[in-house]
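I went through the model and wrote down what I looked up.

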Amino acid sequence: MQCCETSLPGVRLFKPEAFADKRGFFMETWNASRYSEHGLPTLFAQDNLSFSYRGVLRGLHYQLPNPQAKLVYVLQGSVFDVAVDIRPGSPTFGRWVGITLSAENRWQLYIPEGFAHGFCVLSDTALFAYKCSSLYSPHDEGGVAWNDEDLGIAWPIAEPTLSPKDEKYPRLKDIPLDRLRKYKG
Ligand SMILES: Cc1cn([C@H]2C[C@H](O)[C@@H](COP(=O)(O)OP(=O)(O)O[C@H]3O[C@@H](C)C(=O)[C@@H](O)[C@H]3O)O2)c(=O)[nH]c1=O
């Protein structure tokens with residue numbers, strides 16, 4: 001398994017090995033021992049799966065004060081996946097990284113606590129799977145506007161399909177820093 005740092009320290013790209021034979025292929029999507037060597041938690045509390053149509057954008061989401069680190073990957077289709085550093089005081093505060101994850105490349109992106117996360121769908125449909133380090137906590141949900149001009153995320157689609165919630169999230173500069181400071185560590 002290859003593990004590469006991205007342009008945002010802490011956000012890591014995993015390229016797991018797939019063992020192909022005449023039946024198809026086999027790969028491990030999670031192995032506590034091997035992934036923890038690269039700084040991931042050994043225990044994830046929740047596994048999620050979402051299905052989306054082309055042009056759907058989900059994000060940018062975070063959870064506070066019960067943050068979630070996420071290991072995300074695509075089972076069918078392809079998405080442009082984005083992490084944004086929203087840790088006040090971080091040298092990379094407000095910076096983003098975007099990577100295309102697909103069922104073909106089978107890459108996995110690790111997004112630590114302290115980052116907002118979102119993705120948009122590039123294929124007709126996409127099945128998006130992810131592990132979360134802590135449980136969903138609806139009262140802790142937060143978001144940043146996907147099209148915040150200060151972030152300048154180069155989304156590869158225009159006029160995405162959004163949830164009503166995602167249409168209303170504020171720009172990063174309008175989120176009180178005290179709220180974001182609730183990230184531990
Ligand atoms: C995220 C989540 C949602 N739900 C429910 C709440 C709601 O009724 C329905 C849909 O929720 P949402 O609209 O928030 O789903 P979605 O927009 O797909 O939210 C997800 O987006 C991506 C980008 C992430 O990073 C995730 O952490 C999560 O925030 O599912 C759960 O029951 N458990 C969960 O963990």
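I counted a residue as near a molecule or strand if its C-beta atom, placed from the backbone, lies within 6 Å of it. The model is predicted: local features need pLDDT of at least 70, side-chain atom pairs count only at pLDDT 80 or more, and totals for chains, interfaces and linings use all residues. Numbering starts from 1 along each chain as its sequence is written.

Entry 1, ligand shell. Around the ligand I found Asn 48, Ser 50, Arg 58, Gly 59, His 61, His 117, Gly 118, Phe 119, Tyr 136, Ser 163 and Lys 165. The shell holds two nonpolar, seven polar and two charged residues (nonpolar: Ala, Val, Leu, Ile, Met, Phe, Trp, Tyr, Cys and Pro; charged: Asp, Glu, Lys and Arg; polar: the others, Gly among them). At least two shell residues come from each of β5 (46-53), β6 and β11. Strands are DSSP runs of E with at least two residues, numbered from the N terminus.

Entry 2, five-strand sheet. I read the order of this open, antiparallel sheet as β9-β8-β11-β6-β13; strands pair if DSSP finds at least two bridges between them. β9 (96-102) and β13 (141-143) are at the edges with a single partner strand each, so one side of each has no neighbour in the sheet. I then checked β6 (residues 57-63) against β11 (residues 115-121): they run antiparallel and are joined by three bridges. Arg 58 has Phe 119 of β11 as its bridge partner.

I noted a second open sheet, with antiparallel pairing and the order β1-β2-β10-β7-β12-β5. β1 (2-5) and β5 are its edge strands, each pairing on one side only.

How values were computed:
Helix = DSSP H or I, 4+ residues; strand = E, 2+ residues; numbered from the N terminus.
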